[in-house]
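This note collects points on the ligand site and on helix packing. Please read them alongside the sequence and the structure shown here.

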Amino acid sequence: MRQALVCGAGGFIGSHLVRRLKQEGFWVRGADLKYPDFSESWADDFVIGDLRDQRVVAAVVDRRFDEVYQLAADMGGAGYIFTGEHDAEVMHNSATINLNMVEACRLAGIKRVFYSSSACIYPAYNQEDPDNPNCAEGSAYPAAPDSEYGWEKLFSERMYLAYNRNYAMQCRVARYHNIFGPEGTYDGGREKSPAAICRKIAQASSGGSIEIWGDGLQTRSFLYIDECLEGSLRLARSELEGPFNIGSEEMVTINQLAAMVMDIAGKKLSIEHVPGPLGVRGRNSDNRLIKEKLGWAPSQTLRAGLEKTYAWIEAEVRRRAFANHLSA
Ligand code: NAD
């Protein structure tokens, strides 16, 4: 039986990935500081442990897994990454995890390690025009990410590729662009914009208003979780090392994203623009390279993914309100 290790299996993408690998017939070990927040893990074995600790990593990487997915990171949305308050932790924690993991895999004779980097590595100077951001893979240098989170990702993706060159490993590097979907964080400060907007709209009464950070004219693209998994598995199993963008090219403004969710929810709300951490002015995935080399591109629209995500968040908001009501 093929065996896979998913680090970060208690997180959003990792918990979905474990499920997908189980459906494919793998024996799966998950590792994380915590279990998934919203449903039971499907992993055959789940190690609760801190991957900054080399002893934990040695125990987790105790065999020659066929596939290793390294998704564990200290991360969050703009409210976590762009305030500056978590810069040192983010860099120290995530770099330590990656340093430990790639070396443990080398020592265990594991060749294939998939690493999830981020669109946050792209230079801020190429993302000032909201209508025309440049996020082609080759535009990463001269490097100027707009966050320390992005700098750590850039360091780590280079490290995985250096292990390929110097130790004949076959690490694969993806640069994810805003992944969203059910069972993702939707409150508490680490949530990303699609989840935050779905939550605010689910909580608002018709005719009310929601808050959006900035003028809402900043642009982004968002990729639904199932598409992300498909792209990631294809890359992990290919002969191409990357880095490749895994994202959607359907760019929208944050105001348009909110309008789409309001339409799905059937609510007419006004938008109050308030100051908040924003990140770059424009960002869009550029899928030309991955399409050409790997033949992968997302298959569904943003709206289709948002419909499923909104339905899940709306049910969560209702479930929580009911639980609070009962305990009051
Ligand atoms: P997530 O925060 O839901 O999952 C990350 C998991 O890592 C968490 O469950 C966390 O507990 C775990 N973790 C953190 N520190 C750890 C430690 N010291 N030891 C063990 N586990 C630890 O994030 P996600 O959205 O599932 O993202 C997965 C990966 O994809 C991350 O590397 C992230 O940087 C990358 N990524 C995600 C997006 C996105 O839009 N979700 C975009 C770009 C890149």
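1. The axes of α8 and α10 come within 10 Å and cross at roughly 55°. Here axes are lines fitted to C-alpha atoms, for helices over the stretch in contact, and angles run from 0 to 180 degrees between N-to-C directions.

2. The model is predicted: local features need pLDDT of at least 70, side-chain atom pairs count only at pLDDT 80 or more, and totals for chains, interfaces and linings use all residues. Residues are numbered from 1 along each chain as its sequence is written, and side-chain values use heavy atoms, with hydrogens and water left out.

3. Helix α6 (residues 193-203) packs against helix α10 (residues 302-327) at an angle of about 55°, the axes being 9 Å apart. With helix α8 (residues 254-265), α6 makes an angle of about 45°, at an axis separation of 10 Å. Helices are DSSP runs of H or I with at least four residues, strands are runs of E with at least two, and both are numbered from the N terminus. α6 is therefore oblique to α10, and α6 is therefore oblique to α8.

4. On handedness, α6 passes α10 in a right-handed crossing. α6 also passes α8 in a right-handed crossing, and α8 passes α10 in a right-handed crossing. A crossing is right-handed if the near helix is turned clockwise from the far one by less than a right angle, and left-handed if anticlockwise.

5. The ligand is surrounded by 26 residues, of which Ile-13, Asp-32, Tyr-149, Ile-179 and Lys-192 are the closest; a residue is near if one of its heavy atoms lies within 4 Å. By class, this shell has 12 nonpolar, eight polar and six charged residues. Nonpolar means Ala, Val, Leu, Ile, Met, Phe, Trp, Tyr, Cys and Pro; charged means Asp, Glu, Lys and Arg; the others, Gly among them, are polar.

6. In the side chain of Tyr-149, an N or O atom is 2.6 Å from an oxygen atom of the ligand. A backbone N or O atom of Ile-13 lies 2.8 Å from a ligand oxygen atom, and a backbone N or O atom of Leu-71 lies 2.8 Å from an oxygen atom of the ligand. Taken alone the ligand exposes 820 Å², and the protein buries 92% of that (Shrake-Rupley method, 1.4 Å probe).

Key: A polar contact is a pair of N or O atoms within 3.5 Å; within protein, one must be able to donate a hydrogen and the other to accept it, and residues adjacent in sequence count only if both atoms are side-chain atoms. Angles under 35 degrees count as roughly parallel, over 145 as roughly antiparallel, 65 to 115 as roughly perpendicular and the rest as oblique.
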